[in-house]
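Please look over the model shown here before reading the questions.

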Amino acid sequence: GGQRDLAGKQLLISTGGTREPIDPVRFIGNPATGRMGIALAQAARHRGAQVTLVHGPLEAELLQQLGGICAIAAPTAAAMAQAMLGHQPQADWVIMAAAVADVRPARVAATKLPKSELPSDLPLEPVPDIVAALATARQPQQLIVGFAAQTGEIVPPAKAKLIRKGLDAIVANPVDRPSSGFGSNQTQAVLIDRAGRQRISPPGSKLELAHRLYDFLRDLA
Ligand code: C5P
């Protein structure tokens, strides 16, 4: 895309995986690394936007790539919901690239459970759907964008998520192919908007997908 075409825009981006504690040393989590959202933040800065990046736990090597980006650590779904909803009013585009844990332990132990006291079944509860809450609180002119990591067929389930959550666009991402998905530097996707228009982002870097998403959103806005 043309450079600096996002000047004056405020982007709010989430990335990484959340960790839902069982006790102070154990959690339910997932393998997301945060690379996709960091690529989104870097591409947006390159095109002149202001970025706030809300992130789950990141490896030190990735933390070092956040120079110049306003970064907010949000280790759990509850913390991520609070940070995203709190920063939403100032944002033009809100992009939920984070892999939020689907469930969390219904009770969190305040102290480390001895192995002998670990329950043989762990009562779970669903975590709040952050992007659906963001869509409900959408400001006029604001775009709310989700990601859908899929295995098998990717477009129909991603479209269903876009509708169910009230999003403006969704990035449907196969995570069951070589060089695509969690932790990889490479990815590919189908970009879908609420009118059902689709654009392919062929296999390439996460930075390339970020730029293709911004071209797609610029044409939507
Ligand atoms: O997990 P799922 O496939 O439903 O994720 C689709 C989109 O919803 C992603 O953008 C993800 O960040 C978002 N999501 C969320 N809160 C959840 C679960 C998913 O915002 N609790």
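This is a predicted model: local features need pLDDT of at least 70, side-chain atom pairs count only at pLDDT 80 or more; totals for chains, interfaces and linings use all residues.

Residues are numbered from 1 along each chain as its sequence is written.

Q: Which element supplies the largest share of the shell around the ligand?
A: Helix H4 (130-136) and strand E9 (143-150) each give at least two residues; helices (H or I, at least four residues) and strands (E, at least two) are DSSP runs, numbered from the N terminus. The largest share, three residues, comes from E9.

Q: Is Ile130 buried or exposed?
A: A residue is buried if 20 or more other C-beta atoms, placed from the backbone, lie within 10 Å of its own, exposed if 12 or fewer, and partly exposed in between. Ile130 lies in helix H4. Because Ile130 has 26 C-beta neighbours inside 10 Å, it counts as buried.

Q: What does Asp129 count as, with 18 C-beta neighbours inside 10 Å?
A: Asp129 is found in the loop between strand E8 (124-126) and H4. With 18 such neighbours, Asp129 counts as partly exposed.

Q: How many of the 12 residues of H1 are buried?
A: Helix H1 covers residues 35-46. Its buried residues include Arg35, Gly37 and Leu40, and among the elements covering them are strand E1 (10-15) and helix H6 (206-220). H1 is largely enclosed by the rest of the structure, because the number buried is 10.

Methods
The expected span of a helix is 1.5 Å times one less than its number of residues. Two residues are in contact if their C-beta atoms, placed from the backbone, lie within 7 Å.
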